[in-house]
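Hi,

Have a look at the model first, then read on.

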Amino acid sequence: MSRALIIVDVQNDFCEGGSLAVAGGAAVAKGISLVLDKAGDRWDHVVATKDWHIDPGSHFSDTPDYVDSWPVHCVAESTGSDFHPELVTDRIEAVFHKGEYTAAYSGFEGHGTDGETLAGWLRAKGVTEVEVVGIATDHCVRATALDAATEGFSTTVLLELTAGVARATTDAALEQLRSAAVEVTGEPVVDA
């Protein structure tokens, strides 16, 4: 049995001061770093995902609906797409970029620098269990965790290391995760 930590989209644009900031994003970055420092041997592998937009079509909008369209964020190679400075990245073995030309909420839609998928990378390392953390609980964390379960990995979301955009969508995401047999622990940071 091998366990991996999947760090979802802990990027500047999703943290305070970013173009699509989620309240508590910087605290999530710091919290993940603290847990990696104190309980680093809990995971055999650590990977991360990044939103990496080039031209994602209608995903970007000047008049976003915050459901299917959003302000411009995490443009490939921009400062906004960089990992937040509070996130210590020395344990991250691989980064999976997603959303170059689509919305791509799930890390399982991404690919590594060599084109390898997240599912393929995890299977090659013998991973059977994943724990998911990051931003945002109700969007990319939810989608990544659901896809992890669909791919056959025993999946847990560590909610105390996630931040959600809004209470209603976060509550709906938690119900969806529980219905898909994804274990959820703790409480997410969420704006009221």
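A word on terms before the tour: helices (H or I, at least four residues) and strands (E, at least two) are DSSP runs, numbered from the N terminus. This is a predicted model, where local features need pLDDT of at least 70, side-chain atom pairs count only at pLDDT 80 or more, and totals for chains, interfaces and linings use all residues. Residues are numbered from 1 along each chain as its sequence is written, and side-chain values use heavy atoms, with hydrogens and water left out.

Let me start with helix α4, since that definition applies there. Asp-171 and Arg-167 both sit in α4, four residues apart, about one turn of the helix. They form a salt bridge, with the closest N and O atoms 3.4 Å apart. (A salt bridge here is a side-chain nitrogen of Lys or Arg within 4 Å of a carboxyl oxygen of Asp or Glu.) Asp-171 counts as partly exposed at 35% relative accessibility, and Arg-167 is partly exposed too, at 34%. The scale is this: buried means under 20% relative accessible area, exposed over 50%, and partly exposed in between, using a 1.4 Å probe and protein chains only. Ala-168 is also in α4, and with a relative accessible area of 61% it is exposed.

The whole structure has seven salt bridges. One of them pairs Lys-98 with Asp-9, the closest N and O atoms being 2.7 Å apart. That pair links distant parts of the chain: Lys-98 is in strand β3 and Asp-9 in the loop between β1 and α1, 89 residues apart. Both ends are buried, Lys-98 at 0% relative accessibility and Asp-9 at 0% as well. Another bridge joins Glu-151 to Arg-123, with the closest N and O atoms 2.8 Å apart. Glu-151 lies in the loop between α3 and β5 and Arg-123 in helix α2, so this pair ties together parts that are 28 residues apart in sequence. Glu-151 is partly exposed at 34%, and Arg-123 is partly exposed at 44%.

Next, helix α3. How many of its 14 residues are buried? Ten are, so to speak a mostly covered helix, running over residues 137–150. Among the buried ones are Asp-138, His-139, Cys-140 and Leu-146. What covers them includes β1 (2–8), β3 (94–98), β4 (127–135), β5 (154–164) and α4 (167–179). Just after the helix, Gly-152 takes a positive phi of about 95°.

Cys-140, in α3, may interest you. Cys-140 counts as buried at 6% relative accessibility. Leaving out residues up to four places away in sequence, Cys-140 touches Val-8, Asp-9, Lys-98, Tyr-105 and Ile-135, where contact means heavy atoms within 4.5 Å. Two of those names, Asp-9 and Lys-98, are the salt-bridge pair from above.

Now the inside. A nonpolar core means a set of buried Ala, Val, Leu, Ile, Met, Phe, Trp, Tyr and Cys residues joined through side-chain atoms within 4.5 Å. The largest one has 26 residues, and those with the most contacts inside it include Ile-6, Phe-108, Val-130 and Leu-177. Helix α3 gives the most to this core, with five residues. Apart from it lies another core, of 25 residues, among them Leu-5, Val-22, Cys-74 and Ala-136. As for Leu-177, its contacts beyond four places in sequence are Arg-142, Ala-145, Leu-146, Val-157, Val-182 and Val-184.

On to the strands, where two count as paired if DSSP finds at least two bridges between them. Strand β1 is mostly covered, with six of its seven residues buried. Seven bridges join β1 to β4, and the two run parallel; Arg-3 has Glu-129 as its bridge partner in β4. Strand β2 (residues 45–51) also runs parallel to β1, through five bridges, and Ile-6 stands opposite Val-47 there.

Finally, the record: an unreviewed UniProt entry carries the annotation "domain: Isochorismatase-like" over residues 4–185. UniProt positions are given in the numbering used here, feature names are shortened, and annotations may be inferred rather than shown by experiment. In the model, that span is 26% helix and 22% strand, and its end C-alpha atoms lie 16 Å apart.

Cheers
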